[in-house]
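Hello,

Here is the structure I promised to pass on. Please have a look, then read my notes below.

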Protein chains: 2
Amino acid sequence: MDAEIIAVGSELLTPYRLDTNSLFLTGELNRLGFHVRRKHVIGDRDDDLRDVFLHALERVDVVVSCGGLGPTEDDRTREIVADALGRKLKLNNEILRRIQERFRKFGRTMPEVNARQAMVPEGAEPLANTQGTAPGLWLESDGKVVVLLPGPPGELQPMFSREVMPRLSRRGANLRLFTRDLRITGLPESDVDQRVAPIYKQYAGTETTILAAPGEIQLHPRVWSEDPAAATKLLDEMVKRFALALGQNLFSTTGESLEDVVANELQEHRATIAVAESCTGGMLAARLTNVPGSSSYFRGGVVSYSNDLKSAWAGVPRELIEAKGAVSSEVALAMADGIRRQTGSTLGVGVTGIAGPGGGTPEKPVGLVHIAIADEKGTKEREFRFPGTRDRIRHQATQAALDIVRRYFLYAAPAARA
Amino acid sequence: MDAEIIAVGSELLTPYRLDTNSLFLTGELNRLGFHVRRKHVIGDRDDDLRDVFLHALERVDVVVSCGGLGPTEDDRTREIVADALGRKLKLNNEILRRIQERFRKFGRTMPEVNARQAMVPEGAEPLANTQGTAPGLWLESDGKVVVLLPGPPGELQPMFSREVMPRLSRRGANLRLFTRDLRITGLPESDVDQRVAPIYKQYAGTETTILAAPGEIQLHPRVWSEDPAAATKLLDEMVKRFALALGQNLFSTTGESLEDVVANELQEHRATIAVAESCTGGMLAARLTNVPGSSSYFRGGVVSYSNDLKSAWAGVPRELIEAKGAVSSEVALAMADGIRRQTGSTLGVGVTGIAGPGGGTPEKPVGLVHIAIADEKGTKEREFRFPGTRDRIRHQATQAALDIVRRYFLYAAPAARA
């Protein structure tokens, strides 16, 4: 069965804001067995609203909109959809009471204008909003369904889960979308495609999408099926073959972030970590501490932009910096080992490089980054040349550093694994 | 004049990827005098492609699409649009030669399938692609314009600027969109609206959008005008009145990020800065070093998750942590002053708090963050209670910390301004 999503709001037609609700809605609709066939973004103009709803209803079984249910006059979705479907609006006293209640709770009187949000089209079911004033609406017309949801994601998402999901799941096809979320690092997109295309092409009836981000490739095999066991078996088999083709570059088959995977490894091996960063400027520490509970493995980090601080905080000998330069494999190694010793951690990581746009030379160009890892037995170092802007270079460097930690645990001797 | 944007690609109808080209295209079209009336996302299905192009052409003057020009069979935009407009496709030998050339340059032979990209509808003008193989296409039909662009932003953007902009600017209305980008912090969205709504409501013919992100509000007044001088004068006047209403909460009238503004202040006052972070885990240092040239003012930072490291790196007395707790105004103050002394910086910033989801207590709940700033004359501290998830709490804490530095320079005595 097919669905379309309509995002309503003039601000979504400016250069400043994207509709992001449709990602959440697409995921949920797919799980319920609905293909999303088109997405639309329209402003709050009456004729556009009417036109897009009526045309969508000609094509698909379910039309879901978000936005345009606010209290002010420029929010027109409720009125226009009611009119387009030939339904009169009636004041729902129960909803009105709830909105007034909500205002009272926050010590305010309900502005008159909010009464509009209690208007419900004939035959429509209001969908309770636990997080705001605007209720959603469920309308059925000629066997088709129209769902109107509020725009704020914090209101839309719980409303969808509590109110829309149970209603739609009774109507959805038995066909459901099954999918996997594989994450790869250390290979460019074209190499990933070359390795996996011969595999996914053998599976008729499945679709596999490759998405590239700096330092990370995502692979999403998908299959529509009425039989969960068969779909799971099929995807398991595909994932197994992808895993063989991708080797250790594959770091997750369940959509985890690289920092999540590294966090798991550290916790599993009861290891601790500390980092000394220069060009990444704190981003590596920020990613490591982005994981809840990171205080159990993350001891601390230093951002030593100046050479003095590389010496003071990470114990890098001043003469070494003078002899080899701050951006060198030797200094990266000394930073990794120094921060490990200073903090008493199992592992130390050192990152030094040139993020640009200035500061590059022919010998040490923008994008050159040295990353080192140290444990009690020794150190290892790798040199990278990352393309792109300052921000991309910094992000790729954190990705490479996290991957070095991940691979450490793949190779570490049991003794080093605590 | 009106335009619509069509993003083509089945991957844009998955839960994983958004069309972002439309933000760039909207900004460019607005500058050329075109309102964007609707945006569409469709897959690579023939009937959907045909239908959406033909309906858009009924409504607007210019239809711009992105995506679906690749070499493989599932990319259908070129063929379907040609067919819908009744144009035959012909091989363009000049384009074919250029694609072959491009492959040769990278040491490869052109795969046969790429020859499709050299097919041009009758009467269409190919748009040169300097960054990839797929040329764009410019078609005119009954006085209306259809522009087909490739999907990768790195190909689409230069093609738009070089090939589409000059052609469209000859056709655009004299009416152009003029806009400003104001940034506010320290006030919730509702307060911003309450202060600025009485102003923008007085300016008929203008539109003002308020966008909220954690710790930051954006305000975009916009006006369509044939007269650049009049529009500039009008927006200048609005911005002046907004500035009066918003006071020191307004940190940029030109769309700068808070770290850019702080970087400018630091450079202007020849001041240096160092940070000691706990709950923000390196995010504050990462934002400060996100600005090119930050090594001129950023000395360094420490992420001291453990109490030992708060003492070792930021000189926080161990007894103080024991007496007051790691999350306390006293420790924040000691971190700020300690890191300033350790690094010899003009300013030191200390951040300590509970980012959650665990670790909260009734007295010190998740979201409690203490932020302190120190200069050679003394210290100041503020306590915050941020709502939301771990990530939001951490982001809001960095935003508040940067804002404390910005406000320092508003209030600092000339002597402290180096």
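Predicted model: local features only at pLDDT ≥ 70, side-chain atom pairs only at ≥ 80, totals over all residues.

Chain B superposes on chain A by a rotation of 180 degrees with 0.3 Å of shift along the axis, at an RMSD of 0.3 Å.

Residues are numbered from 1 along each chain as its sequence is written, with chains lettered from A and ligands numbered from 1 in the order written.

Next, the sheet. Ten strands form an open, mixed sheet in the order β18(A)-β17(A)-β16(A)-β14(A)-β15(A)-β15(B)-β14(B)-β16(B)-β17(B)-β18(B). Strands are DSSP runs of E, at least two residues; helices are runs of H or I, at least four; both are numbered from the N terminus. Pairing takes at least two DSSP bridges. β18 (378–385) of chain A and β18 (378–385) of chain B stand at the edges, each with a single partner strand, so one side of each lacks a neighbour in the sheet.

Within chain A, β14 (273–277) and β16 (347–353) pair in the parallel sense over five bridges. I273(A) has L347(A) as its bridge partner in β16(A).

Chain A has 13 helices and 18 strands. Its C-alpha atoms fill a box of roughly 80 × 55 × 40 Å along the principal axes.

Best wishes

Terms used:
Least-squares fit on C-alpha atoms with pLDDT ≥ 70 in both.
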